[in-house]
Amino acid sequence: MEISTVASEQNSHSDGQSKPGPPLWLLCELTYRCPLHCVFCYNPVNFDSVNNELDTEGWLRVLNQSRALGSVQCGFSGGEPLLRDDLEELVAEAHKLGFYTNLLTSGVGLTDARTSDLKEAGLDHIQLSFQDSTKELNDFLSHTKTFDLKHKVAKTISNHDIPMVLNCVIHRMNIDYIENIIEMAIDLGAECLELANTQFYSWAKVNQEHLLPSRAQLVRAEKITNEYRDKYADKLRIIFVVPDYYETRPKKCMNGWGNVFLTISPDGTALPCHTASMLPGPAFPSVADHSIEHIWYYSEGFNRFRGDAWMKEPCRTCPEKENDLGGCRCQAYMLAGDPNAADPVCDKSSEHHKVQDAVAKAQLSATVQATEHPLVFRDAKSSKKLEKEGVVF
Amino acid sequence: MSTDSVASIDTQHVAAIAKPYRLQFEQAQDSWVLLYPEGMVKLNGPAGEILKRMDGLKNIDSVVDELETAFEQKGLRKDVVSFIEIALQKRWITLSSPK
């Protein structure tokens with residue numbers, strides 16, 4: 001979530017001495033069920049073994065308790081949130097409580113009737129995913145036949161006058177057609193287009209060699225995006241997120257651990273980010289057992305990486321540590337084997353060469369590259385297989 | 001979509017918060033905020049006081065008068081207009097001619 005302030009500087013990071021701020025952004029991952037099988041999905045690789053979806057009462061409690069603490073942005077996501085019959089009820093409750101409500105969806109199941117019901121329930125915005133601007137690649141990457149449907153859905157959303165943001169995950173296989181994706185967003189009347197360069201977690205990590213673009217591809221894509229920004233400034237806002245593997249300093253992940261974001265996964269486990277369940281150590285708390293207030297302010301999990309006492313060198317004494325807080329804990333775990341380590345995107349990390357190796361490989365053309373693993377589509381069968389192989393992210 | 005140029009703000013025009021922004025006061029942050037898809041602008045005191053009066057009914061002159069009364073100050077017009085220029089540029093508000 002973007003947070004900016006007018007005139008006054010907002011220090012959105014707790015210094016560890018004072019109480020953390022409220023969980024401003026609540027993400028409700030209502031289910032891991034999904035009709036798509038995207039190769040870059042960041043739902044955990046073991047999603048198939050996450051059962052016992054939180055029921056309606058449970059979600060209503062989550063909404064009420066979070067709002068009471070000061071949550072103000074609410075996202076309904078998944079998997080595919082439209083697979084929940086109670087979605088309209090949850091949106092209505094969130095709206096009644098004063099949340100700004102966002103639906104993050106593939107569009108599958110978003111009929112005219114449901115769109116109308118959601119609007120009446122008070123839904124503020126829909127983020128519609130596309131996998132590409134061409135039918136072939138869209139359907140290939142999600143392993144579905146959904147392209148035509150999504151176009152229809154975009155029109156439906158527009159007809160009901162609900163603000164719409166288009167999200168397209170960008171990677172090696174579609175980055176060279178970025179102008180087509182932008183043109184499509186303009187045609188569909190989106191408020192904003194998110195060109196989200198893949199970040200390498202979960203399924204995207206499994207498929208990383210197929211997904212990380214070359215530097216040349218990235219430079220070209222950024223140039224084109226900027227040209228469109230200049231030309232269509234009044235019509236379309238474009239967000240372009242660069243893959244952090246190409247940076248030498250890591251991102252301030254989630255704006256800080258337990259600082260702004262609160263994610264509730266389908267079984268009620270509360271997490272500081274989508275993928276934190278991969279981390280070793282004590283389990284994260286469940287809303288079935290604890291109040292949101294306890295979870296956010298007092299649970300071990302949410303306090304684990306607050307402040308800077310947990311940092312090791314080089315982060316601990318780094319003069320830049322407040323900029324990025326050492327980067328992403330999940331990425332530190334995945335690449336350096338240690339969630340307390342510096343995120344290896346940082347060139348001060350002793351493991352930075354791992355990122356450099358991945359980037360070096362990405363400079364080879366697709367035909368020259370020998371990929372060790374075939375593309376793996378997100379589905380229950382692959383989930384079970386990867387879990388058996390000990391893949392934990 | 002037309003953007004009013006900096007030099008030509010007609011203070012007889014009526015200002016309103018533009019879609020998809022929503023203005024509300026947040027107790028937990030003790031501040032007015034502008035909410036939009038997956039984002040938030042936290043507003044400082046003066047910004048909040050100006051925007052909260054942009055109800056789509058009052059013209060800018062009235063907003064200035066109200067502020068001068070509420071804060072027992074004169075000569076706020078210039079600051080309010082400067083702020084409106086920023087808010088227009090950021091597309092937080094729209095201006096329309098009075099009915």
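**Backbone details in a two-chain prediction**

L325(A) sits in the loop between α12 and α13 (329-336) of chain A. Helices here are DSSP runs of H or I with at least four residues, strands are runs of E with at least two, and both are numbered from the N terminus. L325(A) is not a glycine, yet its phi is positive, about 55°. L325(A) counts as buried because it has 26 C-beta neighbours inside 10 Å. The cut-offs are these: buried means 20 or more other C-beta atoms within 10 Å of the residue's own, exposed means 12 or fewer, partly exposed lies in between, and C-beta atoms are placed from the backbone.

This is a predicted model, in which local features need pLDDT of at least 70, side-chain atom pairs count only at pLDDT 80 or more, and totals for chains, interfaces and linings use all residues. Residues are numbered from 1 along each chain as its sequence is written, while chains are lettered from A and ligands numbered from 1 in the order in which they are written.

Chain B also has a positive phi. D30(B), a residue other than glycine, has phi near 50°. Its place is the loop between β2 and β3 (31-36) of chain B. D30(B) counts as exposed, because it has 8 C-beta neighbours inside 10 Å.

Now the cis peptide bonds. The bond from E313(A) to P314(A) is cis, with omega near 5°. P314(A) lies in the loop between α11 (300-303) and α12 (321-324) of chain A. In chain B, the bond from K19(B) to P20(B) is cis, with omega near 0°. P20(B) belongs to the loop between β1 (14-17) and β2 (22-26).
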